[in-house]
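Biologist: Please take one part of this predicted model and describe it closely, element by element.

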Protein chains: 2
Amino acid sequence: MYEGAVGDLIEELGRLPGVGPKSAQRIAFYIVNTPEADVSRLAQVLRRVKAEVRFCRVCYGIAAAELCRICSNARRGDAIICVVEEPKDVIAVEKTREFSGRYHVLGGSINPLEGIGPDQLRIRELMERLRSGEVSELILATDPNTEGEATATYIALLVKPMGLRVTRLASGLPVGGDLEYADEVTLGRAFEGRRTLEV
Amino acid sequence: MYEGAVGDLIEELGRLPGVGPKSAQRIAFYIVNTPEADVSRLAQVLRRVKAEVRFCRVCYGIAAAELCRICSNARRGDAIICVVEEPKDVIAVEKTREFSGRYHVLGGSINPLEGIGPDQLRIRELMERLRSGEVSELILATDPNTEGEATATYIALLVKPMGLRVTRLASGLPVGGDLEYADEVTLGRAFEGRRTLEV
C-alpha cells in the first residue's frame with residue numbers, strides 16, 4: 001500500500017510497545033516531513049543505546065559503565081536494599097528523593113502463566129548480595145498486583161532465616177485522588193493501614 | 001536522571017507525535033531489552049525513509065521515484081482528480097477501492113490561526129493541472145471540519161469559472177455506528193443527505 005521505505009517504517013514502528021497501526025502511520029508521516037538532521041539524531045541514539053547501555057554488575061539496573069551511578073556512589077547507604085521489578089522502577093523511586101540506599105532489579109515478577117518462575121528472575125543474585133551481611137533491611141517494592149505480591153512473598157519466605165527486616169511499600173489512597181473513585185481493594189488497604197493523626 | 005544514551009533516546013522519542021513522556025520511557029526500556037539486530041533495522045529504515053522518500057512531482061503524494069505509483073499508472077483515469085489534505089488521505093481513499101482517478105495532495109488545510117493561507121498549500125499547482133483541460137470533475141475530499149470545509153469552499157470558488165463538476169464527499173452516519181451516539185451535526189447532515197430507498 002505504501003511506497004518505498006514508508007511501509008517498512010510503519011511495520012517497524014508498529015512493533016514498539018503502545019504503538020498501534022494508526023500511531024505508526026502518524027509517526028511515519030511525521031518522519032517524512034521532518035528535517036534529515038532530526039531523524040538522523042534519532043537513528044543514531046537508537047544505535048548508541050544498544051552499543052553503550054548495559055546492566056549494572058551489582059544491581060542489574062541500567063548503567064553506562066560496569067557499575068551504575070547508584071552502586072558506584074560511595075555516599076549511599078549499604079544497609080537497605082530496595083528490590084524492584086524493572087529498571088524504570090529505580091527511576092520512579094529515585095524521583096521521590098525518599099530513599100538513599102541501594103537497589104536490586106529482579107527483571108520482572110513471578111508469573112506462572114507466562115512461564116516466569118523464580119529462576120528467571122535475579123533472586124539468586126539478590127541472595128548472594130545479602131550473604132555479605134551488610135544489609136539490615138530489604139524493601140520489597142515490587143508492583144502492588146498479584147504477580148508483584150507473589151514475588152514479594154516468595155522473597156520474604158526465602159530471606160526469613162537471615163533475620164533481617166523485610167518491608168513492603170504501603171498501599172492506600174493516591175495523594176490528590178478522590179475517595180469515591182478509589183477501587184474497593186485500595187480503599188480496604190487504606191483502612192487497614194490507617195494511621196493515628198498527631199495533632 | 002537516566003544514565004548514558006537512555007535519557008537522550010527518551011528525549012528524542014518524546015518529540016514524535018502522540019508519544020508522551022511515559023510512552024517514550026516505555027519504548028526506550030523496550031529498546032534496551034530488544035536484540036541489536038531489530039533496533040538496527042529500525043534505525044536503518046528511518047534513514048532510508050529520509051534518503052528515498054520524496055513527493056510526487058505531479059500530485060505531491062509520497063513517491064519512491066519522480067512520479068508516484070498512482071500518477072505513473074496509465075490505467076487510471078485522468079478525468080477525475082480527488083483533492084486531499086495529506087499523503088495519508090490518499091492511502092485512506094485507496095483502501096476503499098471506490099476511486100480510480102488521480103489525486104492532488106494540498107499539504108494541509110486553510111487555517112488562519114496557524115498562519116496557513118491558500119499560498120502555503122499546493123492550490124496554485126492544482127490550478128496548473130486543471131488548465132490542461134483533461135479534468136472534468138474535482139472531488140474535494142478535504143477533512144469534514146471547519147478548516148477542511150473552508151479549503152473546499154475556497155477551491156470551489158476558484159475553479160467555478162472553469163465550468164467543471166466540483167463535488168464534496170457525503171457527510172452522514174458512520175457505517176456500523178449507533179444512531180444515538182452520533183453528534184447532532186453529523187445526524188443533521190445525515191437527514192439533509194437522506195436517500196430514497198429503492199426496494
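**The sheet of chain B**

Modeller: In chain B, four strands form an open sheet in the order 4-3-5-6, with parallel pairing. Strands are DSSP runs of E with at least two residues, helices are runs of H or I with at least four, and both are numbered from the N terminus; two strands pair if DSSP finds at least two bridges between them. The edges are held by strand 4 (102–105) and strand 6 (165–168) of chain B, each of which has a single partner strand, so one side of each is left without a neighbour in the sheet. On average, and with direction ignored, neighbouring strands are turned by 25 degrees against each other.

Residues are numbered from 1 along each chain as its sequence is written, and chains are lettered from A, with ligands numbered from 1, in the order in which they are written. The model is predicted: local features need pLDDT of at least 70, side-chain atom pairs count only at pLDDT 80 or more, and totals for chains, interfaces and linings use all residues, while side-chain values use heavy atoms, with hydrogens and water left out.

Strand 5 (residues 137–140) of chain B runs parallel to strand 6 of chain B, and four bridges join the two. Within strand 6 of chain B, Arg168(B) is the residue opposite Leu140(B).

Helix 4 (residues 87–96) of chain B packs on this sheet, where it touches (heavy atoms within 4.5 Å) strand 3 (80–84) and strand 4 of chain B. The direction of helix 4 makes about 155 degrees with that of strand 4 of chain B; axes are lines fitted to C-alpha atoms, for helices over the stretch in contact, and angles run from 0 to 180 degrees between N-to-C directions. Helix 5 (residues 123–130) of chain B also packs on the sheet, touching strand 3, strand 4 and strand 5 of chain B, and its direction makes about 150 degrees with that of strand 4 of chain B.
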